[in-house]
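Student: I would like to learn how to read a structure like this one, going from the whole chain down to single residues. Could we take the features in turn?

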Amino acid sequence: AFYSNKANALVANAFRYPALQSYCHVIYFLPWPEESLVEFAESRLSEMDQAVSDSSELIAKHMSHVYASADAAFAREREEHGRPCFATPISFISYVDHFASVFDGKHKEVTRLAAEIATGLQKLDEASQDIEDMREEIAESETVLQDAQRASADMLKQISARTAVADKKRGEAQIVRDAAEAHLALVDADRAEIASDMEASLPAIAE
């Protein structure tokens with residue numbers, strides 16, 4: 001590999017092809033000590049949400065450990081296979097920034113969901129209160145309905161009693177009417193008989 005640090009290939013090739021130095025930039029990072037990694041990560045995390053800033057020291061140490069593990073894995077890869085892979089401070093900065101970006105997105109999503117859940121719970125409370133109010137209204141309506149039913153029952157009893165009295169009087173009136181009609185029939189029969197007798201006696205009176 002042209003830029004591999006194995007056997008000082010970078011230095012050797014730089015001397016062998018000096019013109020390349022006019023057309024490229026060699027960016028070389030000295031490794032940061034663990035204290036610097038932790039300090040940078042903790043400083044970055046302290047600017048975030050309270051939930052993260054309270055645990056920033058533990059998260060920063062974990063990030064430093066992950067970075068150190070990746071650096072050691074890259075070193076083994078370079079040594080065993082000669083592949084130019086490195087874990088630089090820029091990698092660590094990108095790692096911390098990516099964590100902050102992902103956490104910020106998830107935090108916003110969780111905040112949105114929490115707000116929706118809170119709104120849903122509020123609506124459930126309002127619905128429960130509305131149901132309780134409806135129950136009270138129904139109870140009051142049932143009381144009014146029971147009073148109306150009792151009043152209707154009393155009125156029905158009175159109507160039934162009055163109807164019975166009217167029926168009784170109607171029956172008595174019918175009896176009197178029947179008796180009057182029977183008496184009138186007798187009177188008519190007597191009148192007819194008297195009229196017949198008078199007609200029969202007229203010739204005798206005329207003589």
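**From chain to surface patches**

Tutor: In this predicted model, buried residues make up 11% of the 207 residues in the chain.

Student: Which elements make up the chain, and how many helices and strands are there?

Tutor: The chain has 5 helices and 0 strands, so that, by the DSSP runs used to assign elements, the order from the N terminus on reads α-α-α-α-α.

Student: What does UniProt list for residues 117–151?

Tutor: An unreviewed UniProt entry lists residues 117–151 under "coiled-coil region", and in the model that stretch is 100% helix and 0% strand, with its end C-alpha atoms 50 Å apart.

Student: Which residues gather in the patch of negative charge, and why does glutamate 136 count as partly exposed?

Tutor: Asp125, Glu126, Asp130, Asp133, Glu136, Glu137 and Glu140 come together on the surface as a patch of negative charge. Glutamate 136 lies in helix α5, which spans residues 89–206, and glutamate 136 counts as partly exposed because its relative accessibility is 44%, a value that falls between the cut-offs of 20% for buried and 50% for exposed.

Notes:
Residues numbered from 1 in each chain as written. Predicted model: local features only at pLDDT ≥ 70, side-chain atom pairs only at ≥ 80, totals over all residues. Heavy atoms only, no water. Patch = residues over 30% accessible without salt bridge, like charges linked within 9 Å, V, L, I, M, F, W, Y side chains within 5 Å. Areas by Shrake-Rupley, 256 points an atom, 1.4 Å probe, with all protein chains shown as cover. Salt bridge = Lys/Arg side-chain N within 4 Å of Asp/Glu carboxyl O. Lys, Arg positive; Asp, Glu negative; His and termini not counted. Charge placed at Lys NZ, Arg CZ, Asp CG, Glu CD. Helix = DSSP H or I, 4+ residues; strand = E, 2+ residues; numbered from the N terminus. Buried < 20%, exposed > 50% of the residue type's maximum accessible area, 1.4 Å probe, protein only. UniProt positions renumbered as here; feature names shortened; annotations may be inferred.
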